[in-house]
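Subject: Model handover

Hello,

Please find the model below. My notes on it follow.

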Amino acid sequence: MSPSLQQKPSTTQSSGSDSTMSSKDHYVPVLDSLSSVYSASALPAQEQRWKGLADAFTKSFPGEKLDFIARSPGRVNIIGEHIDYSLFDVLPMAITQDVLIAVHVGEGDGKVILHNTDKQFPSREYDTASLKDIAIDATVHEWSNYFLSGVKGAFALIEDIKIPSMHCVINGRIPTGSGLSSSSAFVCAALLSILASVQFNSTKSLTDVVTKSDLVGSAIVSERNVGVNSGGMDQSASVFGVPGHTLRVQFYPTLKATPIAFQGEGFAFVIANTLVVADKFVTGPIHYNLRVVETTVGAEIIARVCNLGPLPIRDGFGGTFRGVVEGFKAKGVDFNGVIEEVKKVFSKEEGYTLAETAELMGQSEAELVKKYMTRFPIRAERFQFRKRALHVLEEAQRVEQFCQLLGKAPAKGDTETYFAALGNIMQASHKSCKEQFDCSCDELDQIVGLAMANGAYGSRLTGAGWGGSTVSLVPKSIVSHFVKTLKEGYYLKRLPGLTEEELDDAICVTEPGLGSAIVEY
Ligand code: NG1
């Protein structure tokens with residue numbers, strides 16, 4: 001390990017990881033074969049794709065050696081939506097679709113050069129000397145901002161890091177705005193590629209480049225540089241992913257990911273992308289960032305009105321409902337009691353104006369705006385504290401119920417009841433996302449409706465919502481019929497011009513996959 005990489009992270013969230021993992025498992029794996037990265041069914045297509053990337057690299061940088069490829073996958077969230085930034089546990093899994101960064105670590109020109117195999121993303125070039133203080137303009141929608149977030153993450157992890165010349169070709173297979181976390185996969189892959197290049201430059205080897213916890217902690221904080229006040233679910237799933245397992249990601253009291261195997265057989269998860277692009281960057285002020293403010297300020301108000309004392313602050317931003325639950329717990333009030341208190345405090349179902357919010361907070365409107373609405377600007381007539389809080393608390397309970405069921409084997413011969421129970425929890429989650437968190441849309445509701453009418457145990461939006469994808473739990477025996485029905489009922493009706501390939505990309509059966517990795521060449 002390079003001496004410079006042994007330094008302690010300076011700004012990461014407190015972190016830990018599954019106690020059942022060996023110390024080797026704490027590091028992002030460095031592999032020499034794709035068979036450790038992808039499942040047998042995905043392998044042939046991926047081998048072709050990686051070869052294509054290696055060829056593209058040679059074309060972009062003739063005569064240069066491809067030293068390694070850093071990869072980080074997207075994720076699908078099974079349950080626990082919009083509660084990571086309230087520090088409640090969530091249950092995502094890493095998927096096959098990923099971002100790859102092919103790198104030659106140079107000694108010469110002192111430049112980081114980025115090419116993308118997708119020609120809509122123009123090449124970019126930076127002097128390595130300029131990287132330490134490079135500004136990211138979060139008002140501009142620019143693809144390389146996600147790489148620069150990785151640069152910020154590297155400096156946050158190791159203040160005096162010396163980033164060498166890096167000649168990179170990037171290939172991403174996660175559609176943007178699909179709710180499958182292309183942005184976090186890119187930030188994680190970028191940060192990983194930078195840390196690996198630093199080590200490669202000084203030791204010409206790649207071992208124990210970075211621990212998974214450091215990579216996640218730093219990627220969570222640095223992704224906020226692109227203008228989204230993100231939680232930590234996506235980065236955790238992307239880095240900690242374990243084949244065949246979903247991950248229970250815990251943020252409180254420390255970051256920890258526990259792999260959970262699904263019990264029983266005969267089921268599959270099907271992802272269906274509405275193809276409505278959900279761009280958090282563009283809609284942040286009225287969607288994602290607004291929800292973070294509504295839940296953060298809502299938690300602060302409850303703490304103030306119910307005398308819970310100051311709440312622990314999430315990443316310098318504000319209090320959380322997890323803090324509220326812990327505060328009530330210390331007073332002997334259980335989860336359901338917290339829900340009742342929330343209903344009492346937020347009795348106005350129509351929501352609260354800024355002036356009313358300021359009064360509840362005992363602060364001026366200007367103070368509120370400065371504290372919660374300036375770094376990530378928002379627009380709202382009224383803050384829906386009641387509905388948002390109820391979603392967060394009830395969704396946290398649903399994750400708990402789901403995990404309890406996962407921990408039990410289905411009763412002998414009765415997998416139907418078992419999966420139906422899991423499906424019901426997913427249904428309740430979708431209903432709450434739609435009605436209390438207002439993060440669904442017609443297209444998501446239509447696919448969920450079609451899925452339920454065609455044999456799914458459960459179906460729900462996954463990720464931030466407002467477009468993007470659904471995830472459905474489906475009996476394995478009906479998967480091909482199910483996919484066909486969704487193609488006919490949604491895609492061919494709404495988007496008749498789609499090619500077969502586009503259709504296959506839009507709807508796929510997914511398997512839980514490996515998290516971030518480096519593959520040596
Ligand atoms: P998407 O937009 O689907 O990648 C976002 C957040 C998550 C989480 C979910 C909602 C980022 C990078 N990701 O996911 O942290 O809050 O919404 O559960 O902001």
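The rule for a salt bridge is a side-chain nitrogen of Lys or Arg within 4 Å of a carboxyl oxygen of Asp or Glu.

Two remarks on the basis of these notes. This is a predicted model, in which local features need pLDDT of at least 70 and side-chain atom pairs count only at pLDDT 80 or more, while totals for chains, interfaces and linings use all residues. Residues are numbered from 1 along each chain as its sequence is written, and side-chain values use heavy atoms, with hydrogens and water left out.

Domains

The chain is assigned domain 1 (27-257 + 512-520), domain 2 (267-280 + 415-510) and domain 3 (281-387); the bounds come from an automatic or database domain assignment. Between domain 1 and domain 3, the C-alpha centres are 33 Å apart. Domain 1 puts 20 residues into the contact and domain 3 puts in 18 residues, where contact means heavy atoms within 4.5 Å.

About 1800 Å² is buried between domain 1 and domain 3, with 61% of it from carbon and sulfur atoms. Buried area here is the accessible area (1.4 Å probe) that two parts lose on being put together, summed over both. The salt-bridge rule finds 2 across this interface. Domain 1 and domain 3 also have 10 residue pairs in polar contact, both residues at pLDDT 80 or more. A polar contact is a pair of N or O atoms within 3.5 Å; within protein, one must be able to donate a hydrogen and the other to accept it, and residues adjacent in sequence count only if both atoms are side-chain atoms.

Sheet

An open sheet of 7 strands has the order E1-E13-E2-E3-E6-E4-E5, with mixed pairing. Strands (E, at least two residues) are DSSP runs numbered from the N terminus, and two of them pair if DSSP finds at least two bridges between them. Strand E1 (30-31) and strand E5 (124-127) are at the edges with a single partner strand each, so one side of each has no neighbour in the sheet. Strands E3 (residues 91-106) and E6 (residues 165-172) run antiparallel and are joined by 8 bridges. Val 105 has Met 166 in E6 as its bridge partner.

Backbone

Tyr 252 and Pro 253 are joined by a cis peptide bond, with omega about 0 degrees. Pro 253 sits in the loop between strand E7 (245-250) and strand E8 (256-261).

Regards

Notes
Helix = DSSP H or I, 4+ residues; strand = E, 2+ residues; numbered from the N terminus.
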